[in-house]
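Dear colleague,

I am passing on the structure we discussed, together with some notes on what turned up in it. Please have it open beside you while you read the rest of this message.

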Amino acid sequence: MRLQVQTAVPLYVMGVAAVGVFFGVMGWKAWGPQMLINETPSEPMGLYRLVKHPESDFRRGMYVVFPVPHDLQALVYGRHWMKSGIPFLKQLLGLAGDRVCVVGHQLMINGRTIGPVFERDSQGEPLPQHPGCFEVHAGTFFAASQTLDKSFDGRYFGPLPLSQLQGEARPVWTF
């Protein structure tokens, strides 16, 4: 008895499925909501839908998308933490009136410890440091990861203008 392996049908089916997914995503992107893929472990990896909001509708706990600040692009993209041009996807943890502190290499918001603040990255290179406390002012936000302790986020660069927010990132499929 001879064992016969049939690969043409599964490969053909996989090819048709891949083409269908490609055109489906491209059509969705052109006519439907904007989709994002998070490839970094600082927040749950997977597929997110970008939802636009007026500045007044952003709330603590939301995942938000914003560009890497211009003065940090050489650091973020130069150290290959992310592909060039990819925006940050982080959790919005502070809004106007919240108190953010970096004390004893710990990030705290309103007295609650969020996680560590490191002096050096995993390659031994120095990271920006902003010890002390500040209040998040009106018109700004503070974003950081509670998922990954070694995330490069607001604990290293502070608050940013709300006008920088591109939208809320709602998880569609994460792992």
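In what follows, a residue is called buried when its relative accessible area is under 20%, exposed when that area is over 50%, and partly exposed in between. Please also keep in mind that this is a predicted model.

I begin with the salt bridges, of which a search of the whole structure finds 5. One of them joins the side chains of Asp98 and Arg60, with a distance of 2.6 Å from N to O. Asp98 sits in the loop between β4 and β5, while Arg60 sits in the loop between β2 and β3 (63-66), so this pair ties together parts that are 38 residues apart in sequence. As for how the two partners stand towards the surface, Arg60 has a relative accessible area of 46% and therefore counts as partly exposed, whereas Asp98, with a relative accessible area of 6%, is buried.

Another of these salt bridges is made by the side chains of Glu39 and Lys83, at 3.4 Å from N to O. Here Glu39 belongs to the loop between β1 (34-38) and β2 (46-51), and Lys83 to the loop between α2 (73-78) and β4 (88-94), so that parts 44 residues apart in sequence are tied together by the pair. Both Glu39 and Lys83 are exposed.

A further salt bridge links Glu168 with Arg170, whose closest N and O atoms are 3.3 Å apart. Glu168 is buried, with a relative accessible area of 11%, and Arg170 is partly exposed, with a relative accessible area of 33%.

The other part of the model that I would like to describe is the pairing around strand β5. Strand β5 (residues 99-103) runs antiparallel to strand β8 (residues 132-135), and 4 bridges join the two. Strand β5 is also joined by 4 bridges to strand β6 (residues 106-109), again in an antiparallel arrangement. Which residues stand opposite Val100 in these two strands? In β8 the residue opposite Val100 is Phe134, and in β6 the residue opposite Val100 is Ile109. Strands β5 and β6 form a hairpin with 2 residues between them, and Gly104, which lies in the turn, has a positive phi of about 55°.

Conventions
Residues are numbered from 1 along each chain as its sequence is written. This is a predicted model: local features need pLDDT of at least 70, side-chain atom pairs count only at pLDDT 80 or more; totals for chains, interfaces and linings use all residues. Side-chain values use heavy atoms; hydrogens and water are left out. Two strands pair if DSSP finds at least two bridges between them. A salt bridge is a side-chain nitrogen of Lys or Arg within 4 Å of a carboxyl oxygen of Asp or Glu. Buried means under 20% relative accessible area, exposed over 50%, partly exposed in between (1.4 Å probe, protein chains only).
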